[in-house]
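Here are my notebook entries from a first look around this structure.

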Amino acid sequence: MGPSRREFLARCGLGVGSLGLASLLTEEALAAVAAGGQTKPTHFPAKASHVIHIFAAGAPSQVDTWDPKPALTKRHGQALPGLSGVAMASPFSFTRHGQSGIEVSEVFPAIARHVDDLAIIRSMQTDVPAHDIAQVFMNTGSLRTVKPSVGAWVLYGLGSANDNMPGYISLRPGGGGGDALNWGSAFMPGDLQATSINTATPTVDGMIPNIRNDYFGRAEQRRELDLVQKLNAMHSQNLQQDPQLEARIKAFEMAYRMQIEATDAFDLEKEPQSVRALYGDTPQGRQLLIARRLVERGVRFVQVWAGGWDHHEDLETRLPASANEIDTAAAGLLTDLKQRGLFDRTLVIWGGEFGRSATRDRNGNDNPGRDHNNEAFSIWLAGGGVKGGTVYGTTDDFGEKALDNKVHVHDLHATMLQLLGFDHTRLTYRYNGRDFRLTDNFGTVVKGILG
């Protein structure tokens, strides 16, 4: 006898559901395969093909670095309209540099020599003045939902340029560098997330533990991976492709291939002493030299965590110390990229998650600093299609709020993608029946900084 009506409907219902699930998993698996191993077409000709993001975690003060405010000096120690606390003049002088005559704080003497290469945005804004949330927002464009990081989107869009290296690498000093959400891939394939490298130890083995297999030679490792691939093919044929399993196997393959190329990329002893001196023998100098070496080998997105900018007190001493750590290194990076013909194809970005107040920190320290401020901060961009010698946007007389040409985090992300050859409204990833994008439903390209 045939099945009952109840059995027939149940089987049909389960069949339709299985087909739907299979189609979703197939889309994700195909995306995982497409994400690595080859360069992918862009929407239009790209100005940049690589990004080095120097993330100044902790929120640098804009009025002490890139946004001079003489009116704040005149009102020092006085109450400011609409603000709590009293005005705090910058303890640092600003001087004009380059043919553009852009004013730069004395804390950045080396970077100031490159001011004609920089596009400085003084009118940045974000949504929340809380470090953890704002950092994730700057790195993913999302305040609530866990979403892919900017680097994951870049790698997804461009594809890998080197099969033997990860396309997205996060360089973190001493294991620091914020929440892993900052460099994750969320609902995208796992091989799009950053490979996180602890740069506290200057040796290759220290930065990449277990990079060398002490138990099996390369021939034995290859046989082992071939067996895993064979078993995975049988699993895919008899059941269906599993995106997470595919990503894990890709990670194994990448680790195998990295044993040769990564040991070379992270070995700074292979650089001439003159080049190492250009960057400075400091943790951040070594990080940025590694970043150049990675870009040189085709890595698409390198994020360098350069924190220590949370100056609630003792700003007069602590801010120059933080600036000194990155000043020589960043200037060396720009010089080196130019000398190697990489500058025009590499987008370099420096900035934090929000800005600082024009008033003394509300804690009333004897050695004051500045409190959080999400309504105004500064960043700079260079290389990769950026219009150098440019200042974009303004803040009010005290640097407290952005006024003209406001630039939101979504706008910055849209502009980054534009320079990389993508219309941010068209670079989408389908998940749970919806097309997601880095800029959500927002974002306007900042055309005033495009070369």
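**Entry 1: a helix and its span.** Before starting, I noted that the expected span of a helix is 1.5 Å times one less than its number of residues. I also noted that I am working with a predicted model. I then turned to helix H10, which covers residues 283-296 and has 14 residues. From its first C-alpha to its last I found a reach of 20 Å, close to the 20 Å expected at 1.5 Å a residue.

Is H10 mostly covered or mostly open? I found it mostly covered, with 11 of its 14 residues buried. Among the buried ones I listed Leu288, Leu289, Ile290, Leu294 and Val295. Just after H10, I came across Gly298, which takes a positive phi of about 100°.

**Entry 2: two helices side by side.** I reminded myself that two packed helices are described by the angle between their axes and the distance between the axes. For helix H4 (residues 131-140) and helix H12 (residues 409-419), I read an angle of about 30° and axes 9 Å apart. Angles under 35 degrees count as roughly parallel, so H4 and H12 are roughly parallel to each other. Which residues make the contact? From H4 I noted Phe137, Met138 and Thr140, and from H12 I noted Val409, His410, Leu412 and His413. Sorting the residues of this contact gave me four nonpolar, three polar and no charged.

**Entry 3: the nonpolar cores.** Next I looked up the largest nonpolar core, which has 54 residues. Ile54, Phe108, Leu171, Phe266, Leu294 and Trp380 touch the most other members.

Leaving aside its neighbours within four places in sequence, Phe108 is in contact with Thr65, Trp66, Trp309, Ala323, Ile326, Asp327 and Trp350. There is also a second, separate core of 45 residues, and it includes Phe55, Leu155, Val407 and Val446.

**Entry 4: Trp183.** I found Trp183 in the loop between strand E5 (168-172) and strand E6 (195-198). Buried or exposed? Trp183 counts as buried, because its relative accessibility is 10% and the cut-off for buried is under 20%. I also checked Trp183 against Ala194: they are 11 residues apart in sequence and 5.4 Å apart in space, C-alpha to C-alpha.

**Entry 5: Thr95.** Thr95 sits in strand E2 (residues 94-97). With a relative accessible area of 41%, Thr95 is partly exposed. Which residues does Thr95 contact, leaving aside its neighbours within four places in sequence? I wrote down Ile102, Glu103 and Val104. Thr95 and Pro109 are 14 residues apart in sequence, and I noted 9.7 Å between their C-alpha atoms.

**Entry 6: positive phi values.** Asn405 is not a glycine, although it has a positive phi of about 50°. I located Asn405 in the loop between strand E12 (390-392) and strand E13 (407-408). Its relative accessible area is 46%, so Asn405 is partly exposed. Asp440 is not a glycine either, and I read a positive phi of about 55° for it. Where is Asp440? I found Asp440 in the segment after strand E15 (434-436).

Methods
Residues are numbered from 1 along each chain as its sequence is written. This is a predicted model: local features need pLDDT of at least 70, side-chain atom pairs count only at pLDDT 80 or more; totals for chains, interfaces and linings use all residues. Side-chain values use heavy atoms; hydrogens and water are left out. Helices (H or I, at least four residues) and strands (E, at least two) are DSSP runs, numbered from the N terminus. Buried means under 20% relative accessible area, exposed over 50%, partly exposed in between (1.4 Å probe, protein chains only). Axes are lines fitted to C-alpha atoms, for helices over the stretch in contact, and angles run from 0 to 180 degrees between N-to-C directions. Angles under 35 degrees count as roughly parallel, over 145 as roughly antiparallel, 65 to 115 as roughly perpendicular and the rest as oblique. Contact means heavy atoms within 4.5 Å. Ala, Val, Leu, Ile, Met, Phe, Trp, Tyr, Cys and Pro count as nonpolar, Asp, Glu, Lys and Arg as charged, and the others, Gly among them, as polar. A nonpolar core is a set of buried Ala, Val, Leu, Ile, Met, Phe, Trp, Tyr and Cys residues joined through side-chain atoms within 4.5 Å.
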